Protein chains: 2
Amino acid sequence: MLDAPRAATGCLAGVRILDLTQFEAGPSCTEALAWLGAEVVKVENPKGGDPGRTAFRGGEVGQDSWYFLLFNANKKSITLNLKSPRGIALVTELARKADVFIENFAPGAIERLGLGYDAIRKINPGIIYAQVKGFGTGSPFEENLAFDMIAQACGGIMSVSGDADRPPVKPGATLGDTGTGMLMAISILGALYRRKGTGQGERLEVAMQDAMLQYIRVCFATQAATGRPAGRAGAKLYASGNPPCGIYPCAPGGPNDYVYIYTSRANPAHWKRLLHVIGREDLVGDPRYETGQARTAHEAEIDEMISAWTRQRDKHEAMRILGAAGIPAGAVLDTAELHGDPTFEKRGIMQTIEHPTCGPFKMPAWPVRHDGAPPKLRPAPTLGEHNDDVLGAWLGLGEDDVKELRHEGVI
Amino acid sequence: MLDAPRAATGCLAGVRILDLTQFEAGPSCTEALAWLGAEVVKVENPKGGDPGRTAFRGGEVGQDSWYFLLFNANKKSITLNLKSPRGIALVTELARKADVFIENFAPGAIERLGLGYDAIRKINPGIIYAQVKGFGTGSPFEENLAFDMIAQACGGIMSVSGDADRPPVKPGATLGDTGTGMLMAISILGALYRRKGTGQGERLEVAMQDAMLQYIRVCFATQAATGRPAGRAGAKLYASGNPPCGIYPCAPGGPNDYVYIYTSRANPAHWKRLLHVIGREDLVGDPRYETGQARTAHEAEIDEMISAWTRQRDKHEAMRILGAAGIPAGAVLDTAELHGDPTFEKRGIMQTIEHPTCGPFKMPAWPVRHDGAPPKLRPAPTLGEHNDDVLGAWLGLGEDDVKELRHEGVI
């Protein structure tokens, strides 16, 4: 089923992406495009490549890191020394043949290499030229360095994450990186769609700080309604709660033994169903709990009566019983539980790659199913694995040319 | 600049999207497509419309909520009573003319309406048919209800967010909703790209639980490296920290008066620069702090010496000084600070809409700049605002036809 001819991997067939990105914000973007079938050619430093290959841990010293494998599946890799004039000449020739050029170097670096927008547009007016930055052009911080956590701090994410009585936390989700990469992928695809009809190129730029606003827009609604900055509420909803809405402790009491329970304001049946499940039919119709407003006034009692029920079960059982009764509920699952859950593998949401040097590695795939299945994963490339392939197919270089480039340290 | 003819809003010109989604996961997806120029027609219940219009607070009772305004900009709205046979007949006719059909009703609802994939494909074989679900087809929970927080619990996000000594928290970012919507937008755009060449339709499905894995892939790398489920580390990095890496307290000590400071493993210069900034040049070269490993062993001392410096400044000053010195640093900004920052408005990242009944509202726009500017915001539609427009342009109905439909309660 994963190889069905109509599946995802044919969507962008024939699209060529010249990918000068590293770490995660850029690579997560181009990986999504690779999963949809684009030919993504990663241009890497011959000495070590993308620092993401080694800046994080892998199975053994010297192997590519798990981090690299996760963000570079289904891509090709070529090596080019961008400190040599021939390396720059080659990357320029590749840019002439590309549909998309993308980079996420530190501010100003791509221009210093002579590969800025004006230079590339001159040789390829139809290019879609995409840049991921920490802070936007025109921001007082446009020259500053940024990483995922800096974006989460400056983009508002941290201010609305954590407990009310504690300092802010940085969510484990890498919104600054992957969250930004997904938005850039959308804009690139929009630009590709137009270009397919008109040949028109486009310059795209996203800043990690700016991208964060896209994910906390509910907090701006809260602020508009309350007149105050949105705050933190632990596992609950800040300023729009309607008890029960939060996590309840389950057996055996480990760090993630909780079940999330929510009864929607839009559907009063949820609360009644919940009373039945926890054996408190006696409270159906009781005015102390009948409306969302009334329940808000009795939040502590409600939390205690539900906890009395959840504490007697593990989170999986609690979720099964509550879910089957039509109550929105979800166990707090950890990465090991998700990794080990056979339904993810069966549905293709988790797939195992066979990497030539790192061996088998089970990892999340693109989660959108196209005609019934996510795209099939291919392992991330080894450094320079596709030098012959790409220099041949894109530039017409032969085996001897490539051998010479290797000999001269250009690739 | 925002109206430049080459800007974003032309990317998807001519693309027709029939949008049966509500609340956030679906609407955030179609809004991104509307921002890139697609004609997104929201189909709403004549009695109240998308529950997101009223389930959250607006400026005044009876007005559309701020929440609705945020997730439905640049769309059109038509009303259709899907409980009437003529309403169903009309939505079917619209589906015949659409490029994309998208829905996020509760499990099974769209099929019960007779608008399932097989029915729509029969009348429009080239349709891109997209569904957002809580849990994936084939999951043991595929019939369960889900909301943003349920997805964040079941999709691993909460297990890696919060303090190590406390229960998990739900990040303020609505990853379950908008995070899922962004992935579906990418797949729809990929399918549209192929369809433009081949006319080929496609069935797309994403589950909110599955989509969460895309945002915590670094945690799966951590798990592969440590053999344990990824955990929580407050504002720090779990299992890959290299002090300093976290938030440091600033004056005057409010709930968000912190600055994030990080010195990258990949660049040893960051640490040296930081010592200069905080006036501890005496420690440059000191073996207690020279390597990442050494600093890990002295984390508490390092945190204290940096805090001694940050406590004497406000977060903005700290960020300015550290950033200018080439150290990755970012103030923890809250929603009011972001909302009030003039650079967001100047750069088009925040724009003010003039809504006919809600008045002016300043809100985040699509953060990717196309040829220098984000797309220009148009206010979310009032309920049924485009009945005449769409029923006329898509189906050729005249003024009298529309009047009759209104009279009969179909629209």
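I start with two bridges that join β12(A) to strand β6 (residues 202–207) of chain B, the two strands running antiparallel. Before I go on: this is a predicted model, in which local features need pLDDT of at least 70 and side-chain atom pairs count only at pLDDT 80 or more, while totals for chains, interfaces and linings use all residues. Residues are numbered from 1 along each chain as its sequence is written, and chains are lettered from A and ligands numbered from 1 in the order in which they are written.

Helices (H or I, at least four residues) and strands (E, at least two) are DSSP runs, numbered from the N terminus. Two strands pair if DSSP finds at least two bridges between them. In general, strands of a sheet pair through backbone hydrogen bonds, either parallel or antiparallel.

What is the strand order of the open sheet? The order is β12(A)-β6(B)-β5(B)-β4(B)-β1(B)-β2(B)-β3(B), which is seven strands with mixed pairing. The edges are β12 (369–370) of chain A and β3 (76–79) of chain B, each of which pairs on one side only.

Helix α1 (residues 25–35) of chain B packs on this sheet, touching β1 (16–20), β2 (39–44), β4 (100–103) and β5 (128–133) of chain B. Touching means contact here: two residues are in contact if their C-beta atoms, placed from the backbone, lie within 7 Å. The direction of α1(B) makes about 150 degrees with that of β4(B). For such values, axes are lines fitted to C-alpha atoms, for helices over the stretch in contact, and angles run from 0 to 180 degrees between N-to-C directions. Another helix, α16 (residues 387–395) of chain B, lies across β2 and β3 of chain B and runs at about 85 degrees to β3(B).

**A helix pair in chain B**

α1(B) also packs against helix α7 (residues 175–198) of chain B, at an angle of about 45 degrees and with the axes 7 Å apart. The two helices are therefore oblique to each other; angles under 35 degrees count as roughly parallel, over 145 as roughly antiparallel, 65 to 115 as roughly perpendicular and the rest as oblique. Their crossing is right-handed, that is, the near helix is turned clockwise from the far one by less than a right angle.

Which residues meet? From α1(B) they include B:A25, B:G26 and B:S28, and from α7(B) they include B:D177, B:T178 and B:T180. By class, this contact has eight nonpolar, five polar and one charged residues. Here Ala, Val, Leu, Ile, Met, Phe, Trp, Tyr, Cys and Pro count as nonpolar, Asp, Glu, Lys and Arg as charged, and the others, Gly among them, as polar.

In chain A, the axes of α1 (residues 25–35) and α7(A) come within 7 Å and cross at roughly 45 degrees. That crossing is right-handed.

**An enclosed strand**

Next is strand β8 (residues 258–262) of chain A. Five of its five residues are buried, so β8(A) is largely enclosed by the rest of the structure. A residue is buried if 20 or more other C-beta atoms lie within 10 Å of its own, exposed if 12 or fewer, and partly exposed in between, with C-beta atoms placed from the backbone. A:Y258, A:Y260 and A:Y262 point one way from the strand, and A:V259 and A:I261 point the other way.

β8(A) has neighbours to look at. Strand β7 (residues 245–249) of chain A runs antiparallel to β8(A) and is joined to it by five bridges, with A:P249 opposite A:Y258. Strand β9 (residues 329–331) of chain A also pairs with β8(A) in the antiparallel sense, over three bridges, and there A:V259 stands opposite A:A331.

In chain B, five of the five residues of β8 (258–262) are buried. Five bridges join β7(B) to β8(B), and three join β8(B) to β9(B).

**The chains as a whole**

Chain A contains 17 helices and 12 strands. Its C-alpha trace spans about 85 × 45 × 45 Å along the principal axes, and of its 411 residues 58% count as buried.

How many residues does the contact take from each chain? It takes 117 from chain A and 117 from chain B. On the side of chain A, the largest share, 16 residues, comes from helix α7 (residues 175–198) of chain A. By class, that side has 71 nonpolar, 28 polar and 18 charged residues.
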